[in-house]
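Hi,

Here's the structure I promised to send over. My notes on what turned up are below it.

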Amino acid sequence: MAHGEYLKESYPSVKNILLLDSEGKRVAVKYFSDDWPTLAAKLSFEKSLFTKTAKTNARSEAEITMFDSYIVVYKFVQDLHFFVTAGSDENELILAAVLQGFFDAVGLLLRNDVEKRTALENLDLILLCIDEIVDGGIILETDANTIAGKVATNGSDNTVTFSEQTLSQAFATAREHLARSLLN
């Protein structure tokens, strides 16, 4: 057994994280396993999963279902559908924490304007968000403030600010912007 295989078997992991629109079309997706080896297989899984879950009421809190021998936790907001898929032997509570962390971090990054248009305009932030949560399928982080903070500091334009910033952080950011505008 290779070292990477051992890690995946001993730590909580996910198979994919999906963000689909209200018609089941892709907004942001990331796969971490070879369970779906082709694009066609991935699209087929997404369509089937969307069809199975579309009529559920996963708006107020996350729902959990078994689908094609996978555990799927999901939640909907506006015209976006958030999904986290894992093997049937994973812990549902951990998966729910991953979903909630992703969902809340996206909410922070999009300033609570969580809908398809804003998500597409900020696709880079959402993909960075997924990268902060999971690496190679292994769950790294589930705290939304930590995830959003790392994305904001690693983001390409560094323009994301949060109401959670301390006053000194806000002043430091303002000083940076002022210095940059004076230098230009």
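Helix α3 (residues 92-109) lies across β1, β3, β4 (70-77) and β5, at about 30 degrees to β4. Contact here means heavy atoms within 4.5 Å, and helices (H or I, at least four residues) and strands (E, at least two) are DSSP runs numbered from the N terminus. Axes are lines fitted to C-alpha atoms, for helices over the stretch in contact, with angles from 0 to 180 degrees between N-to-C directions. Helix α5 (residues 123-133) lies across β1 and β2, at about 25 degrees to β2.

This is a predicted model, where local features need pLDDT of at least 70, side-chain atom pairs count only at pLDDT 80 or more, and totals for chains, interfaces and linings use all residues. Numbering starts from 1 along each chain as its sequence is written, and side-chain values use heavy atoms, leaving out hydrogens and water.

Now the sheet: it is open, with five antiparallel-paired strands in the order β2-β1-β5-β4-β3 (pairing needs at least two DSSP bridges). β2 (26-31) and β3 (63-67) are at the edges with a single partner strand each, so one side of each has no neighbour in the sheet. Twist averages 20 degrees from one strand to the next.

As for β1 (residues 16-21), six bridges join it to β5 (residues 80-87), with Leu20 opposite His81 and Leu19 opposite Phe82. β1 also pairs with β2 over five bridges, where Ile17 partners Lys30. Six of the six β1 residues are buried (under 20% relative accessible area; exposed is over 50%, partly exposed in between, 1.4 Å probe, protein chains only).

Cheers
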